[in-house]
Amino acid sequence: MPIVPNSASTDPAPGTAPLPASCDAVIVGAGVIGLSIAWRLASRGMSVVAIDRGYAGCGASLAATGMLAAAAEFEPGGLDLVALALESQRLWPTFRDALEAASGRTIDYRDHGTMLIALGRDEVARARFRCEQQLAAGLESRWLSGEEIRDREPALRPSVVGGILCPNDHQVDPPRMIAALKGALRSAAGTLVEGTAVNALDLTAGRIAGVTTTSGAVRAPLVVLATGVAIGSDGLVPAELRVPVRPLKGQSLALRMNAPSDLSHVVWTEQLHLAPKGDHRLVVGATVEERGFDSSVTAGGVYSLLEGARRALPALEEMELIAMWSGWRPTSDDDAPVIGATGLDGLVLAAGHHRNGYLLAPVTAQAIEDLVITGRMPPIAAGFDLSRFAGANATRPTQEANS
Ligand SMILES: Cc1cc2nc3c(=O)[nH]c(=O)nc-3n(C[C@H](O)[C@H](O)[C@H](O)COP(=O)(O)OP(=O)(O)OC[C@H]3O[C@@H](n4cnc5c(N)ncnc54)[C@H](O)[C@@H]3O)c2cc1C
């Protein structure tokens with residue numbers, strides 16, 4: 001049984017290009033966030049180089065399920081983050097169309113919606129309360145009876161008592177998305193350099209002048225750090241700009257559905273989510289574990305995923321188990337991303353997207369594009385820069401769920 005990130009269906013075409021001596025912008029990190037930013041800046045005519053110490057997506061991005069779950073992730077109190085998430089959800093169809101057109105690839109964007117199901121009477125009260133909270137926050141959620149849920153998804157266990165339909169919570173397929181972003185960056189004349197680590201930022205007269213890498217130096221007046229979980233610990237940012245981001249481990253697995261009709265919506269239980277993909281994979285995720293940089297796939301993790309998934313979908317017993325993996329969500333002290341300028345001229349941050357990197361990719365790329373082109377962040381993203389942590393503990397409310 002392979003312990004591999006997600007699916008092998010991504011385009012393995014190497015993005016390794018020679019490192020140029022200079023460019024307009026260096027993007028450090030080629031995950032979903034770095035690649036989205038690199039593509040958007042390149043398509044504005046800038047010469048852009050995205051650099052990854054591994055390969056594109058090798059961090060959290062290929063470990064993700066790819067849910068765009070603004071409503072399912074909602075927790076009361078996280079209203080700034082919900083507004084950002086809803087804006088990104090609004091941007092997603094345009095982002096998808098542009099990405100697919102630029103790359104000539106599909107990203108398996110599936111708009112069936114997400115259902116949060118209650119498996120038994122004791123879960124119903126909690127699910128109903130959750131639905132009321134979502135409606136009060138202006139989300140387009142809808143309560144469904146057990147019968148209505150089973151009409152939509154007949155393969156679910158008959159004991160489903162009811163649940164919430166989140167019609168705007170769609171999904172994409174991470175391996176396809178990363179492959180498309182690579183293609184789109186290439187078609188916008190951007191450069192992707194893989195297998196090269198950025199060791200240090202180059203500073204001249206107190207501002208960014210480029211980066212030093214394991215393959216040489218690149219001069220650039222703008223550096224965007226999109227290094228995911230590494231941003232919190234790799235020492236690239238000057239000490240006074242400490243970015244409070246830590247790894248939050250998640251284990252997931254993939255099964256092969258016997259028929260596409262086994263499931264079409266993304267389905268959440270209280271413990272986990274089931275996300276059917278267009279190629280008949282069913283992604284089951286994810287554990288939530290505070291284990292530092294431990295990447296092991298454990299018997300306990302896999303057992304809890306299989307047991308929880310079987311509770312919702314009995315047909316799972318007949319499905320082939322095709323992959324299992326783990327990843328680290330890049331999680332900030334307040335669970336919200338760190339996006340924007342820093343006190344250091346030419347240095348921009350885009351990291352800490354926790355469980356929402358795919359959901360927030362369009363709004364993050366748009367915010368950085370606006371910042372670079374106009375000098376200003378859009379108001380909806382302006383409160384998410386590093387300064388919110390300055391001198392105090394984070395106070396932004398958090399969200400909790402199982403992605
Ligand atoms: C199990 C699991 C399930 C998830 N499910 C979802 C989901 O359904 N929906 C959703 O929206 N989000 C989900 N997430 C969260 C999502 O994966 C992340 O928020 C997102 O991938 C973060 O993207 P990123 O580009 O910031 O980071 P990463 O993908 O980690 O990319 C950072 C990159 O930086 C590179 N790097 C680091 N340091 C350096 C350096 N010094 N030099 C060069 N390169 C460097 C790394 O190699 C890496 O490739 C999930 C996460 C996990 C773990």
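Good morning. For what follows, Ala, Val, Leu, Ile, Met, Phe, Trp, Tyr, Cys and Pro count as nonpolar, Asp, Glu, Lys and Arg as charged, and the others, Gly among them, as polar. Please keep in mind that the structure is a predicted model.

I begin with the surroundings of the ligand. The shell around the ligand holds 46 residues, and Gly-29, Gly-31, Gly-59, Gly-228 and Gly-357 are the closest. Two or more residues each are given to this shell by α1 (32-42), β2 (48-52), β13 (245-256), β17 (320-332) and α7. Which of the elements gives the most to the shell? That is β17, with four residues.

The domain assignment comes next. The chain is divided into domain 1, with segments 6-112, 170-244 and 332-403, and domain 2, with segments 113-169 and 246-331. Each of the two domains contributes at least three residues to the shell around the ligand. Taken over C-alpha atoms, the centres of domain 1 and domain 2 are 26 Å apart. Their contact takes 36 residues from domain 1 and 40 residues from domain 2. On the side of domain 1 that touches domain 2, β3 (67-68), α2 (79-103) and β7 (170-171) each supply at least two residues. The largest share of that side comes from α2, with three residues. Its composition by class is 14 nonpolar, 17 polar and five charged residues.

The largest nonpolar core has 128 residues, and the members that touch the most others are Val-26, Val-223 and Val-224. Helix α7, residues 357-374, provides the largest share of this core, namely nine residues. Why does the core lie between the two domains? It does so because domain 1 and domain 2 both give residues to it. As for Val-26, leaving aside residues up to four places away in sequence, it touches Val-49, Ile-51, Gly-210, Val-211, Val-218, Ala-220 and Val-223.

Now the chain as a whole. It contains eight helices and 19 strands. The C-alpha trace spans about 65 × 40 × 40 Å along its principal axes. A compact globule of 403 residues would have a radius of gyration near 22 Å, and the 21 Å of this chain agrees with that. Of the 403 residues, 54% count as buried. Among contacts with a separation of 6 or more, 76% are between residues 24 or more positions apart.

I close with some details of the backbone.

Ala-205 sits in the loop between β9 (198-204) and β10 (207-213), while His-354 lies in the loop between β19 (347-351) and α7. Are they buried or exposed? Ala-205 counts as exposed because it has 6 C-beta neighbours inside 10 Å, where the limit for exposed is 12 or fewer. His-354 has 23 such neighbours inside 10 Å and therefore counts as buried, the threshold being 20 or more. Thank you for your attention.

Technical notes. Residues are numbered from 1 along each chain as its sequence is written. This is a predicted model: local features need pLDDT of at least 70, side-chain atom pairs count only at pLDDT 80 or more; totals for chains, interfaces and linings use all residues. A nonpolar core is a set of buried Ala, Val, Leu, Ile, Met, Phe, Trp, Tyr and Cys residues joined through C-beta atoms within 7 Å. Domain bounds come from an automatic or database domain assignment. Two residues are in contact if their C-beta atoms, placed from the backbone, lie within 7 Å. The radius of gyration is taken over C-alpha atoms; the globule rule is 2.2 Å times the number of residues to the power 0.38. A residue is near a molecule or strand if its C-beta atom, placed from the backbone, lies within 6 Å of it.
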